[in-house]
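Colleague: Could you take me through this model, starting with the ligand and then moving on to whatever else you have?

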Amino acid sequence: MIPAPFTYVKARTMTEAHEALATHGDEAKLLAGGHSLIPLMKLRLATPSVLVDIASLPGLSGIRQEGNELVVGALTRHVLVERSPEVHRLVPLLAHTAALVGDPQVRNRGTIGGSVAHGDSASDLPVALLALGATFVATGPSGSRTITAKDFFVGFWQTALQPNEILTEIRVPITGAASNYQKFTVRSQDWAVVSVAVAGDAIALGAMGEIPLRATAVEAALRNGAAVREAAQLADSDTSPSSDIRASADYRRHLARVLTEDALVAAGR
Ligand code: FAD
């Protein structure tokens, strides 16, 4: 439970952070809330030789409305998203989902950007953000680019972020669409065994494959007039859930069908 030795670099500006990434390349990892990275380092599943601490970079924490979008800074902690009156009013699904991440300690340290950049399909916020059609702003040494949630998650703990890019903003369309998030856990305050987010016509699944997935078969069935119960039976189509100590793949398939129906009903479908 002791990480491999590493050098700690505290970045005070975005330029310092980019310089550190440029100097150390693949050896470096960004550190935000540390609530995913440090446990991995203790288990030696991650062994970066340099940690670039971005937790106090100015301007990356906060929540604001910009036109039809809610903009959440990447360093915004889960607790702020959970409690923000603006998030409750404009994108209630995001506040509801943030409130279900881990326990108060985790929500007090963990950041939305860290959760997204970690790229775990069992994490809560990526699933909600996929259903919400969010986009992610990544900033590299030569500028920024925007990546859709659909293109962002590319594999097990892998995202479209380049090693020299820093996630700076999460932008969520404000649609007013009915929404719901269902999360099944073995213990309370734990990662999802399976989760389902509904936002308008979009349905996303967590822990049903290496990345958060859209339940496209259910979406199509509903578009074609299927009843909710009938459509929800398709929730595990084109998924590849794993079997592990918490659930078998078959049980995850069953949960996906049940939770999808629950989420659709709770969202008023
Ligand atoms: P860090 O751990 O600092 O970083 C995670 C990864 O993202 C690292 O690879 C890092 O380099 C990278 N990164 C961080 N910020 C950026 C950035 N701005 N740009 C580019 N890359 C970046 N999560 C859930 O969803 N649901 C749960 O129920 C849950 N339960 C938990 C229970 C416990 C006991 C613990 C310890 C964690 C739990 N988590 C859960 C994870 C928690 O939400 C983490 O806070 C979150 O996944 C990562 O955020 P962080 O700020 O801590 O990121």
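Predicted model: local features only at pLDDT ≥ 70, side-chain atom pairs only at ≥ 80, totals over all residues.

Colleague: Good. How many residues surround the ligand, and which are the closest?

Modeller: The ligand is surrounded by 29 residues, the closest being Leu-30, His-35, Leu-37, Thr-111 and Asp-124; a residue counts as near a molecule if one of its heavy atoms lies within 4 Å of it.

Colleague: Which element gives the most to that shell?

Modeller: That is α7, with four residues. At least two residues of the shell come from each of β2 (28-31), α7 (112-118) and β10 (166-173), where helices (H or I, at least four residues) and strands (E, at least two) are DSSP runs numbered from the N terminus.

Colleague: And how do the shell residues divide into nonpolar, polar and charged?

Modeller: There are 13 nonpolar, 12 polar and four charged residues in the shell, with Ala, Val, Leu, Ile, Met, Phe, Trp, Tyr, Cys and Pro counted as nonpolar, Asp, Glu, Lys and Arg as charged, and the others, Gly among them, as polar.

Colleague: What lies 2.7 Å from an oxygen atom of the ligand?

Modeller: A backbone N or O atom of Gly-34 does. A polar backbone atom of Asp-190 is 3.0 Å from an oxygen atom of the ligand, and a polar side-chain atom of Lys-29 lies 3.3 Å from a ligand oxygen atom. Of the 970 Å² of accessible area that the ligand has on its own, the protein covers 91%, the areas coming from the Shrake-Rupley method with a 1.4 Å probe.

Colleague: Changing topic, how many salt bridges does a search of the whole structure find?

Modeller: The search finds 17, a salt bridge being a side-chain nitrogen of Lys or Arg within 4 Å of a carboxyl oxygen of Asp or Glu. In one of them the side chains of Glu-66 and Arg-171 meet, at 2.6 Å from N to O. Glu-66 lies in strand β4 (residues 63-66) and Arg-171 in strand β10, so the pair ties together parts that are 105 residues apart in sequence.

Colleague: Is Arg-171 buried or exposed?

Modeller: Arg-171 is buried, at 15% relative accessible area, whereas Glu-66 counts as partly exposed at 34%; buried means under 20% relative accessible area, exposed over 50%, and partly exposed in between (1.4 Å probe, protein chains only).

Colleague: And what about Glu-165, which residue does it form a salt bridge with?

Modeller: Glu-165 pairs with Arg-145, and their closest N and O atoms are 2.6 Å apart. The pair links distant parts of the chain, with Glu-165 in the loop between β9 (158-159) and β10 and Arg-145 in strand β7 (residues 143-148), 20 residues apart. Glu-165 is buried, with a relative accessible area of 9%, while Arg-145 is partly exposed at 34%.

Colleague: Where is Val-9 found, and what is it in contact with beyond its neighbours within four places in sequence?

Modeller: Val-9 is found in strand β1 (residues 7-10) and is partly exposed, at 23% relative accessibility. Beyond those sequence neighbours, Val-9 is in contact with Ala-20, Val-50, Leu-51, Val-52 and Asp-53, contact meaning heavy atoms within 4.5 Å.

Colleague: Last one: why is helix α8 described as largely enclosed?

Modeller: Eight of the eight residues of α8 (residues 124-131) are buried, so the helix is largely enclosed by the rest of the structure. Just after α8, Gly-133 takes a positive phi of about 70°.

Terms used: Residues numbered from 1 in each chain as written. Heavy atoms only, no water. Polar contact = N/O pair within 3.5 Å; in protein donor to acceptor, adjacent residues only side chain to side chain.
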